[in-house]
Amino acid sequence: MLESVEIKQVEALEELEQIRQLEQAICQAATPIYQLTAYIQNGGFILGAYVDNQLIGFNYSYAGFADGDYYLYSHLTAVTRDYREQGVAELLKLYQKNLARAYGYKKCKWIIDPLEASHGHGSFTKLRGYAATYKTDVYGPLLESYNSKIPSDRLVVERLLNDDDSARWDAQIEELLDEAHELIPWTYTVDGLPMLDKQAPFDATLNYYKDAYLVPIPHYFSKIKVENPSLAEDWRYKTRTICEAMFKQGYVIVHLTKGQEPMHHYLFVKKALFAL
């Protein structure tokens, strides 16, 4: 299927309007044309994904600057339902990487929900990004009724655009996975939903010294949000505590290992091991 997908840079107003319409259909909101053209005219770009000239996905990126660091900020990537989980988003990100390098960028950043396993797998395992920054309640309460009380926390994912040595990166990941220690155990609720074990809670006051740790996250966080909102809140706050503590001690997330349902695991490693 991917062979039939064409990725191209979009600048014409009529094509931008098509992307806006698709954004409205997918996200129930659309970015104004004047904002999209501002992205394009100030160091950013808009990408479209097409099959037989039919728009099926898009990416918005623009210039970013924070703490003395220039980078491309990847604001939004979206794909129509019929083409999700088929690698279209990764194709958009690959094209984005090559175009960003041509623009002179050395780094790209974006944010993801740390408890959405598909986002973590795409950002870390497929795209070889890493995360060392945790942001709390980025958007405030979200619109979904089942999600309104759960803070919109996000991981800041960074991707080095000039590092093409994927074999070295993957070899390090494989070695560290072999020696990684489980940081905190998990179990099931009486309803059969995964939860972090209350009998062995994470202690943020300890000094962690091993090279690599595994931290579990649920396979279907969206299901937990619907079926047990209080458990979803518990996942959010406990994951926040773990990430903030481990980042403070010099660890970064570099990988998400997809296991059997209902749980996957983030790989936290010492930042110095990857010279990040």
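**Close-up 1. Ile 40 and the residues that it touches.** Ile 40, which is found in helix H2, touches Val 10, Glu 11, Leu 16, Phe 45 and Ile 46 when residues up to four places away in sequence are not counted, a contact being heavy atoms within 4.5 Å. Helices (H or I, at least four residues) and strands (E, at least two) are DSSP runs, numbered from the N terminus. The model shown here is predicted, and local features need pLDDT of at least 70, side-chain atom pairs count only at pLDDT 80 or more, and totals for chains, interfaces and linings use all residues. Residues are numbered from 1 along each chain as its sequence is written, and side-chain values use heavy atoms, with hydrogens and water left out. With a relative accessible area of 19%, Ile 40 is buried, where buried means under 20% relative accessible area, exposed over 50%, and partly exposed in between (1.4 Å probe, protein chains only). Ile 40 and Tyr 62 are 22 residues apart in sequence, while their C-alpha atoms are 7.5 Å apart in space.

**Close-up 2. The packing of helices H1 and H2.** Two packed helices are described by the angle between their axes and the distance between the axes. Helix H1 (residues 13–27) and helix H2 (residues 33–41) pack at an angle of about 115°, and their axes are 10 Å apart; the axes are lines fitted to C-alpha atoms, for helices over the stretch in contact, and angles run from 0 to 180 degrees between N-to-C directions. H1 passes H2 in a right-handed crossing, a crossing being left-handed if the near helix is turned anticlockwise from the far one by less than a right angle, and right-handed if clockwise. On the side of H1 the contact is made by Leu 13, Leu 16, Glu 17 and Arg 20, and on the side of H2 by Ile 33, Leu 36, Thr 37 and Ile 40. The residues of this contact divide into five nonpolar, one polar and two charged, where Ala, Val, Leu, Ile, Met, Phe, Trp, Tyr, Cys and Pro count as nonpolar, Asp, Glu, Lys and Arg as charged, and the others, Gly among them, as polar.

Close-up 3. H1 has 15 residues and reaches 20 Å from its first C-alpha to its last, close to the 21 Å expected at 1.5 Å a residue, the expected span being 1.5 Å times one less than the number of residues. Within H1, Leu 16, Ile 19, Arg 20, Leu 22 and Glu 23 are buried. Seen down the axis of H1, these buried residues fall within an arc of 165°, so they line one face of the helix; the arc is that of the directions from the helix axis to the C-beta atoms. They pack against strand E1 (5–10), H2, strand E2 (45–51), strand E3 (54–66) and strand E4 (69–79), whereas Glu 14, Gln 21 and Ala 25, on the other side of H1, are exposed. Just after H1, Gln 28 takes a positive phi of about 60°.

Close-up 4. Most residues other than glycine have a negative phi, and most peptide bonds are trans. Asp 52, although not a glycine, has a positive phi of about 55°, and Asn 53 likewise has a positive phi, near 65°. Asp 52 is placed in the loop between E2 and E3, and at 71% relative accessibility it counts as exposed. Asn 53 lies in the loop between E2 and E3 and is exposed, with a relative accessible area of 70%.

Close-up 5. The 14 residues of helix H5 (residues 166–179) should span 20 Å at 1.5 Å a residue, and the end C-alpha atoms of H5 are 20 Å apart, which agrees. The buried residues of H5 are Trp 169, Gln 172, Ile 173 and Leu 176. Viewed down the axis of H5, these residues fall within an arc of 100°, so they line one face of the helix. They pack against strand E6 (130–135), strand E11 (212–218), strand E12 (251–257) and strand E13 (263–270), while Ala 167, Glu 174, Glu 175 and Asp 178, on the other side of H5, are exposed.
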